[in-house]
Amino acid sequence: MASCVQILGLLQAFLDDEIGSVERLLFEDHLHNCDACRHELKIARAANVQLFELLKEDRLQENLVPTVMAHLPEMDRKRSSNSHVIPPSKKRTWNKTFAALVPVLAPIILLVLGGLLWLYWPSIPQKDDDAVGLITYSNGPVRFGRAVDGILNEAKEKTLLVPDSFIKTGKDGRLLLGLSGPSHVSLYEDSSLYLISERKLLLEQGRIFVDVHPDTQEFLINTPHGVISALGTSFEVYTTSDNTEVTVVNGEVLVENETSFALLHQGNKALFSQRNRPKIERDVPAARCLEMARNVLPEVSAQRMFLTRFVPSTQETTRTRRQIFMVETKQRLVRAVELNWLPHPYSEGHAGYSVYVSDSSLNPLFKTHIPPSVFQDKTHTSINIDVPAEVQTHAENRLHIDLLPDYSTGQLDTSFTEVRAVGVRP
Amino acid sequence: MRPTDEELVFQCRDGDTDAYALLVARYQHAVYATAFHYAGRYGGAEDIAQEAFWAAYRSLPRLREPEQFGSWLKAITTRVSANWLRKNAPRLRNETPLPRRRAHYNTLNFNTEAKSSSVSDDVYELVHRAIESLPERYQLPVVLRYVQEMSYEEISHFTGDSHDEIRGILSRAAGMLRKELQHYKDIETDQLKEEEKA
């Protein structure tokens with residue numbers, strides 16, 4: 001049996017005819033027995049009728065359909081989800097994304113920069129005041145250490161060298177040293193070299209190529225078979241257990257052993273052991289040594305470090321390295337003059353050359369200029385200078401060729417090896 | 001078979017204006033009653049109802065759930081009503097609300113007795129005050145039920161409440177209104193007794 005409270009909850013639904021059939025049965029059954037609820041229903045029905053009566057006056061009086069349909073507007077065809085939300089522009093989103101990433105990116109970038117700084121911090125030994133040079137190129141198995149303690153480390157570029165260093169290359173090892181002076185020393189495979197000072201080396205075994213800056217001090221290389229001293233030259237030394245071979249590419253080299261000595265010139269090769277007299281060969285293909293040395297070129301940043309540290313920036317310009325050649329022409333007409341030189345294997349900044357050509361009694365014939373770019377190109381070793389047609393009218397016995405460097409274009413001399421006359425038969 | 005709101009909305013979107021006429025016919029009473037409830041006493045209910053139907057038609061492509069057309073239309077109607085009130089606020093400030101406008105018009109035509117008219121006017125005003133004193137959520141269902149005599153089903157479509165919620169709301173609201181009316185009647189009978197005594 002339903003309670004009166006439950007039944008009164010159904011009252012309004014009953015009056016509005018919104019009651020379910022089962023509820024209706026319960027409701028009617030209860031009303032049949034309950035006077036109080038019947039009374040309530042009566043009041044409610046009266047009130048309901050009264051409300052309807054009163055409020056129906058507010059009811060819509062006319063049909064709105066015709067007026068609405070008569071002035072129907074255009075439908076908005078833009079299918080945006082909400083008219084009040086302005087679609088965000090893509091540019092703004094991009095900026096926002098970037099801005100949101102800044103707090104994340106900033107520490108990462110700083111960390112990377114810090115890491116790079118740490119990696120590239122120059123590894124300078126404590127006693128770098130006595131450094132005499134540095135490694136400007138290293139490739140393959142190359143070990144390096146102090147002669148006193150005998151501990152060898154891997155030799156990296158930019159490693160500073162102090163006196164009494166020991167360098168050893170393995171199979172296919174290549175190394176280039178820059179020494180203050182400046183001199184360059186290339187070490188080829190299976191070589192052992194002690195660096196006694198910047199001008200004194202001890203080659204135990206192996207093959208090196210030495211390029212010495214032309215200045216007054218002499219450069220010494222000790223080998224087990226004798227001493228090699230040089231002044232402003234480039235040459236190759238090859239030491240085996242039995243003997244030592246010296247090939248001079250440029251300049252003069254003095255070779256001494258216990259009993260004898262030999263003065264070597266350009267293109268000479270000397271083979272000597274501890275006691276025998278040096279065996280000298282002339283006109284060997286010395287350019288081959290230069291070719292080989294040019295395969296070992298300094299690493300750019302190491303070279304820059306070497307230049308700033310060990311090469312004085314202001315070079316003396318008092319030297320004017322004038323080179324004079326005399327060419328026998330044997331009464332033939334000369335079409336051109338061929339100049340040969342040995343390219344400097346490492347350096348840059350060549351000076352251009354002025355060429356003055358005069359006859360046997362030093363009357364000027366013509367002059368010309370060779371730009372520095374000709375010497376900069378290391379693959380060239382010669383140039384032909386054409387003799388102007390008006391000079392070709394009469395044959396000379398001999399030509400004086402004066403070569404004067406033009407230091408305004410560069411600082412580096414070129415040493416000419418040979419000047420030849422290229423002629424036509426009369 | 002009566003087409004559902006959803007079907008009609010899709011037909012409208014395809015350019016069938018007759019389908020929209022059906023929707024207007026189906027909802028005009030609800031929209032009008034809502035507008036009347038919010039702003040009717042200033043006499044703008046019909047304008048608001050038309051404006052609401054036009055606004056709904058314009059933004060019909062943006063309706064995401066076409067089966068919810070009724071409650072979406074209700075939201076538009078209340079927004080249009082609010083806008084209308086705000087727009088006309090300067091004018092309305094100087095005007096007295098006219099709760100009896102239509103009642104007065106009706107009484108002129110149908111009620112011959114001046115006295116009964118005045119009593120009915122008083123009750124009318126009382127009922128409106130009673131409806132306004134109801135909880136906010138109860139007001140619109142009551143208006144739709146008693147002003148337009150809409151079924152619970154239709155009301156629930158328009159307000160977005162479920163059928164059972166509407167039944168509960170109307171049951172409680174009717175109880176409150178009865179109490180108000182009973183109270184008024186008690187006062188009236190007291191007054192009559194005093195008049196008789198006098």
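Predicted model: local features only at pLDDT ≥ 70, side-chain atom pairs only at ≥ 80, totals over all residues.
Two strands count as paired here if DSSP finds at least two bridges between them.

Four bridges join β7(A), in an antiparallel arrangement, to strand β9 of chain A, residues 200-211. Within that pairing, H184(A) has D211(A) of β9(A) as its bridge partner. β7(A) also pairs with strand β6 of chain A, residues 174-179, again antiparallel, over five bridges. There, L187(A) of β7(A) stands opposite L175(A).

| Partner of β7(A) | Residues of partner | Bridges | Sense |
|---|---|---|---|
| β6(A) | 174-179 | five | antiparallel |
| β9(A) | 200-211 | four | antiparallel |

β6(A) and β7(A) make a hairpin with three residues between them, and G181(A) in the turn has a positive phi of about 155°.

Why is β7(A) described as largely enclosed by the rest of the structure? Five of its five residues, 183-187, are buried, so the strand is largely enclosed. Both faces are covered: H184(A) and S186(A) are buried on one side, while S183(A), V185(A) and L187(A) are buried on the other.

**Where the chains meet**

The contact draws 32 residues from chain A and 38 residues from chain B. On the chain B side, the elements giving two or more residues include α2 (17-39), α7 (114-133) and α10 (163-197) of chain B. α2(B) provides the largest share, eight residues. By class, this side of chain B has 22 nonpolar, nine polar and seven charged residues.

Definitions and conventions
Residues numbered from 1 in each chain as written. Chains lettered and ligands numbered in written order. Buried ≥ 20, exposed ≤ 12 C-beta atoms within 10 Å, placed from the backbone. Contact = placed C-beta atoms within 7 Å. Nonpolar A, V, L, I, M, F, W, Y, C, P; charged D, E, K, R; others polar.
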